[in-house]
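Welcome! Here is a short briefing to read alongside the structure. Take a look at the model first, then follow the points below.

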Amino acid sequence: MAGRNRIRLLLLQNAPWLLFLALVVIFGLLSGRFLTPTNFVNILIQAAHIAIIAIGMTFVLLIAGIDLSVGATMYVSAAVLGLYLKGLPAVVSFPLTALIGLAFGAINAWFITRLRVAAFITTLATLFIGRGLALYLSDTKMVFFNDEILTFGRSAYLGIPSAIWAFAVVFVIALVVLRETTYGRQIYAVGADPEAAAKAGINVRRIVFSVYCICGLCAAIGGIVSASQVAVAASTFGFQKEFPVIAAAVLGGTSLFGGRGGVVGTLFGALIVVVFTSGLTLANVNDLYQPIALGILVIAAVAMDRWIRKVKG
């Protein structure tokens, strides 16, 4: 029985990689265009902004939190970038845009840590407030981005598109922080048991505050990357983006109950989301069915997470 449980646990823990390979094989058989190098590059580019935001979401989920406002943060950041910062060079406008996301994350964190409003309620409220603010700033019109922003989205270094470079930088920083620093270990400790972490001398409130700031920062960076690719931000920019982002983190093995997961799994989770939607499109599946299929996939991932906890127990 113990041996069977170990095998079962091993399969469950490696589910993101196995699921990714299974999807590649299935959609490769359904459509000959899926396995082309061009399509794989497009998948990586499309996954870049989702993966960046999902990395920020991973930090929040690791402490058993949630941030539903990432799509609105994307939109506000992109709107300010296109309306008010377009006259500045990218080396100035991009960091300022990222700070807007950081500020939104700090607002969420303040309500959650100081006023003790539930994260779900706080971020749901800032989702609507942020989107309403962006619509007010843009007067519900499309926001166009200047050539410098578009050049970033179309450029490549060493043959690698800039979107992938942006993701790689965020990924490496997050990986080092979570795996090699005391701060990263404290995040896992708070997610596993906040009361025990507090007794061990960890400032739980500071950790919680910081992860929401990181999530907001990543949402703004993802907004910049997405804006540089689409050239224009319509009123639907970032709309319902929180679902594929949370899906990417959960499919990558990050537990909704905190204390378990990481950005490597999140990378595969983001690829799974994009491969899944891209494969369904190439297989001529009606767009109306794609959210349903993705929702079922996420429910399966959550059930898998509970199963892992049960087997470990």
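With 313 residues, a compact globule would have a radius of gyration near 20 Å, and the protein agrees with that at 19 Å. This radius is taken over C-alpha atoms, and the globule rule is 2.2 Å times the number of residues to the power 0.38. You are looking at a predicted model, in which local features need pLDDT of at least 70 and side-chain atom pairs count only at pLDDT 80 or more, while totals for chains, interfaces and linings use all residues. Residues are numbered from 1 along each chain as its sequence is written, and side-chain values use heavy atoms, leaving out hydrogens and water.

**The whole protein**

- The C-alpha trace spans about 65 × 55 × 40 Å along its principal axes.
- The secondary structure comes to 14 helices and four strands; these are DSSP runs numbered from the N terminus, with helices (H or I) of at least four residues and strands (E) of at least two.
- Of the 313 residues, 50% count as buried (buried means under 20% relative accessible area, exposed over 50%, and partly exposed in between, with a 1.4 Å probe and protein chains only).
- Among contacts between residues at least 6 apart in sequence, 78% join residues at least 24 apart; contact means heavy atoms within 4.5 Å.

- Helix H3 (residues 37-62) and helix H13 (residues 263-282) have axes that come within 8 Å and cross at roughly 135°. Axes are lines fitted to C-alpha atoms, for helices over the stretch in contact, and angles run from 0 to 180 degrees between N-to-C directions.
- That angle makes H3 oblique to H13 (under 35 degrees counts as roughly parallel, over 145 as roughly antiparallel, 65 to 115 as roughly perpendicular and the rest as oblique).
- Residues of H3 including Ile 43, Ala 47 and Ile 50 meet residues of H13, among them Ala 270, Val 274 and Ser 278.
- By class, this contact of H3 with H13 has 13 nonpolar, five polar and no charged residues. Ala, Val, Leu, Ile, Met, Phe, Trp, Tyr, Cys and Pro count as nonpolar, Asp, Glu, Lys and Arg as charged, and the others, Gly among them, as polar.

**Partners from elsewhere in the chain**

- Pro 161 is found in strand E3 (residues 160-161), and it is buried, with a relative accessible area of 18%.
- The C-alpha atoms of Pro 161 and Ile 45 are separated by 7.4 Å, although these residues are 116 residues apart along the chain.
- Beyond its neighbours within four places in sequence, Pro 161 is in contact with Ile 45, Ser 155 and Ala 156.
- Leu 137 has its place in helix H6 (residues 119-138) and is partly exposed, at a relative accessible area of 24%.
- Leu 137 and Leu 83 are 54 residues apart along the chain, and their C-alpha atoms are separated by 8.2 Å.
- Leaving aside neighbours within four places in sequence, Leu 137 touches Val 80, Leu 83 and Tyr 84 by the contact rule.

**Backbone angles to look for**

- Most residues other than glycine have a negative phi.
- Thr 140, in the loop between H6 and strand E1 (143-144), has a positive phi near 60°. This residue counts as exposed, at 57% relative accessibility.
- Ala 231 has a positive phi too, near 75°, and is found in the loop between helix H11 (204-230) and strand E4 (232-233). With a relative accessible area of 24%, Ala 231 is partly exposed.
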